[in-house]
Amino acid sequence: MNWSYIAGFIDGEGNIGLLHRRNTKRIEPYLKLINSNREVLEEIRKFVGFGTVRLNNKGGFKPNWRDTYVLIFSRRDHIKTILMNCINDLIVKRKQAELMLKFIEIREKKHKMGSPLKGKPRGSSTFDEEFKIYEEMKSLNIQRGKAHYK
């Protein structure tokens, strides 16, 4: 297992995205790897040292489809570690990775500056920056045929 392999897996079986909770100023990052082979996802999880593997879709949408599993990363530091180690080998999802790293950088700056809200949504200027990245990510993922954004 190595970072180049994981980059290829992200390009082929991954989803780099942002989840915007409707009617809130919360945008959360995620990185998902989906596959019908649970073992390969477990090996990736062991290599990176974090993440959660779970059943994603039992049997798919058709009777002859296999179960699929998802390896999920939702902590910013975990996503950053993976993308920083893979970005030079990403081809298909490099732009999404760059946007995600930019999103994480904005969040890290705000947390370093401190906030009296302790984990609550930051000011509107931060949200505006984050929402702009969300919209760009949404556009890229929809272009790739992903309907994760509504």
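**View 1. Lys93, a buried lysine with no salt bridge.** In this predicted model, Lys93 is buried (under 20% relative accessible area, with exposed being over 50% and partly exposed in between; 1.4 Å probe, protein chains only), yet Lys93 has no salt bridge. A salt bridge here is a side-chain nitrogen of Lys or Arg within 4 Å of a carboxyl oxygen of Asp or Glu. The nearest side chain of opposite charge (Lys and Arg count as positive, Asp and Glu as negative; His and the chain ends are left out) is Asp11, 5.8 Å away. What Lys93 does have is the backbone oxygen of Ile10, 3.1 Å from a polar atom of its side chain. Lys93 sits in the loop between helix 3 (76-86) and helix 4 (94-113). Beyond neighbours within four places in sequence, Lys93 is in contact (heavy atoms within 4.5 Å) with Ile10, Asp11, Gly14 and Ile16.

**View 2. Helix 1 and its buried residues.** Ile6, Ala7, Phe9, Ile10 and Asp11 are the buried ones in helix 1, and they pack against strand 1 (14-20), strand 2 (27-35), helix 2 (38-48) and helix 3. Helices (H or I, at least four residues) and strands (E, at least two) are DSSP runs numbered from the N terminus. Look at the start of the helix, too: a side-chain oxygen of Asn2 comes within 3.0 Å of the backbone nitrogen of Ser4.

**View 3. The salt bridge between Glu130 and Arg107.** The closest N and O atoms of this pair are 2.6 Å apart. The two link distant parts of the chain, with Glu130 in helix 5 (residues 124-143) and Arg107 in helix 4, 23 residues apart. Glu130 is buried at 3% relative accessibility, and Arg107 is buried as well, at 8%.

**View 4. Arg38 and Glu42 in helix 2.** These two lie four residues apart, about one turn of the helix, and their side chains meet in a salt bridge (3.4 Å, N to O). Arg38 is partly exposed, with a relative accessible area of 34%. Salt bridges with shared partners join Arg38, Glu42 and Arg45 into one network.

**View 5. Arg26 with Glu28.** Here the closest N and O atoms of the salt bridge are 2.7 Å apart. Glu28 is partly exposed at 21%, and so is Arg26 at 25%.

**Notes for all views.** Residues are numbered from 1 along each chain as its sequence is written. Local features need pLDDT of at least 70 and side-chain atom pairs 80 or more, totals for chains, interfaces and linings use all residues, and side-chain values use heavy atoms, without hydrogens or water.

Notes. A polar contact is a pair of N or O atoms within 3.5 Å; within protein, one must be able to donate a hydrogen and the other to accept it, and residues adjacent in sequence count only if both atoms are side-chain atoms.
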